[in-house]
Amino acid sequence: MDSRIVKMAKNIVNYSISLKKGEKVLIQAFGMETIPLLRQVIKEVHAVGGIPFAENIVPTIRRELLMHATDEQIETWAKVDADLMSQMDAYVGIRGGENPSEMSDVPADKMHLFQVKYGQPVHTNIRVPKTKWVVMNYPSYSMAQAMDTSLENFEEFFFKVCNLDYDKLSSAMDNLTNLMSKTDKVRIVGPGTDLSFSIKDIPIIKCAGINNIPDGEVFTAPVKDSVNGTITYNTPSRYQGFVFEDVVFKFENGKIVEASSNNTELLEKILNTDEGSRFIGEFAVGVNPYINKPMVNTLFDEKIAGSIHFTPGNAYDDACNGNKSAVHWDLILRQTADCGGGEVYFDDVLVRKDGIFMVDELKPLNPDNF
């Protein structure tokens, strides 16, 4: 077994979900190429005395199930999986798949049905708040293509990013967490962007390898009705099988009142999913020192050093602003100099410019310190 896979599996079981003897864990792996890591995680679960349950989900089969899905089918599917998830102490999701656009031709109403009647009851309502969970990707040819490199070179990057020293990163994130906890007003400025909102009294959460691999963000949520201004996202984002680009939102008192993209009609359908989908459920600062360009993969792209993400939809329970939705869509704005630059202000103090932290207590988070 590749020693890098062994190390990653050990980190998943012992650090990310901190599994204890007798605890039950559901391991869901998407795509046949994920099987080496799936097998190794099972071995590590047994090694600590845990109880593993495993599924290998084939994306082409899931697509076939969804193409003509009915309410009854999805509701039954969700009922079975919700019962299983409710019995778990932990969850590991390993996302593979050679074709990330496999779901792109599933009718939008079927994807909406799956999201609302399966994703929300199984994952949003049970897995996220009630289990110790972590999700990750597995290196594939499609991911290598997204970075315009060979699979071998991408694997080197992947394991470097995923197996980084999260203890060191976690310590460096403490000052950012503390500063955000004292902050009321946030302002984000950049090309096509001038956005302001409050994060006062909303919990600040440090993410350093517990729920995501790779990791590296500090997140909170804006006070729900405090968001005003415009944001122009500059990072492609795949959602419901479609790659959105040039997404622009205009906010008034927290609500998205105007929206545009390379598919504004589909974007509007997503924003009309429910009452909460036009409000923001998360604001986060990306700080992973090894991720510096997008690959149309949210788990990586939302951690890009020098980025923020501003997420329409559901707020997490541990940093809740009261917004609930079946949508949770991490859209990313990169502010590094090569992307046009930009500034982040906390209570009118410039804390980051062109992706580089400017205040002394935050400088250890800059990539050149890793």
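## Basis of the model

The model is predicted: local features need pLDDT of at least 70, side-chain atom pairs count only at pLDDT 80 or more, and totals for chains, interfaces and linings use all residues. Residues are numbered from 1 along each chain as its sequence is written, and side-chain values use heavy atoms, without hydrogens or water.

## Helices α4 and α5

Helix α4 spans residues 71-86 and helix α5 spans residues 108-130. Helices here are DSSP runs (H or I, at least four residues), numbered from the N terminus. The two axes come within 9 Å and cross at roughly 10°. An axis is a line fitted to C-alpha atoms, for helices over the stretch in contact, and angles run from 0 to 180 degrees between N-to-C directions. The crossing makes α4 roughly parallel to α5. Angles under 35 degrees count as roughly parallel, over 145 as roughly antiparallel, 65 to 115 as roughly perpendicular and the rest as oblique.

Contact means heavy atoms within 4.5 Å. On the α4 side, the contact includes Ile74, Trp77, Ala78 and Met85. On the α5 side, Leu113, Phe114, Tyr118 and Val122 are among the residues involved. By class, this contact has 11 nonpolar, 2 polar and 5 charged residues. Ala, Val, Leu, Ile, Met, Phe, Trp, Tyr, Cys and Pro count as nonpolar, Asp, Glu, Lys and Arg as charged, and the others, Gly among them, as polar.

## Helix α3 and its partners

Helix α3 (residues 59-67) packs with α5 at an angle of about 105°, their axes 9 Å apart. The pair is therefore roughly perpendicular. Arg62, Leu66 and Met67 of α3 meet Lys110, Met111 and Phe114 of α5. These residues divide into 4 nonpolar, no polar and 2 charged.

Helix α3 also meets α4. Their axes come within 10 Å and cross at roughly 135°. That makes α3 oblique to α4. Arg62, Leu65 and Leu66 of α3 make the contact with Gln73, Ile74 and Trp77 of α4. By class, the count is 4 nonpolar, 1 polar and 1 charged.

## The cavity

The structure holds 1 cavity of 30 Å³ or more. A cavity is a set of points, on a 1 Å grid over the protein atoms alone, where a 1.4 Å probe fits but cannot get out; lining residues have an atom within 4 Å of a point. The largest cavity contains about 40 Å³ of space. Its lining is Gly286, Val287, Ala305, Gly306, Arg352, Gly355, Phe357, Leu365 and Pro367. By class, the lining has 5 nonpolar, 3 polar and 1 charged residues.

Met143 lies in helix α6 (residues 141-146). Met143 is buried, with a relative accessible area of 7%. Buried means under 20% relative accessible area, exposed over 50%, and partly exposed in between (1.4 Å probe, protein chains only). Leaving out residues up to four places away in sequence, Met143 touches Asn137, Tyr138, Phe154, Met295, Asn297 and Phe300. Gly96 is 47 residues away along the chain, with 9.3 Å between its C-alpha atom and that of Met143.

Met1 sits in the segment before α1 (3-16). Met1 is exposed, with a relative accessible area of 53%. Beyond its neighbours within four places in sequence, Met1 is in contact with Val6, Pro36 and Gln40. Met1 and Asn175 are 174 residues apart in sequence and 39 Å apart in space, C-alpha to C-alpha.

Key: Helix = DSSP H or I, 4+ residues; strand = E, 2+ residues; numbered from the N terminus. 1 Å grid on protein atoms, 1.4 Å probe; cavity = no way out; pocket = protein on both sides within 12 Å on 5 of 7 lines; lining within 4 Å. Points joined across faces, edges and corners; volume = space filled by probe spheres on them.
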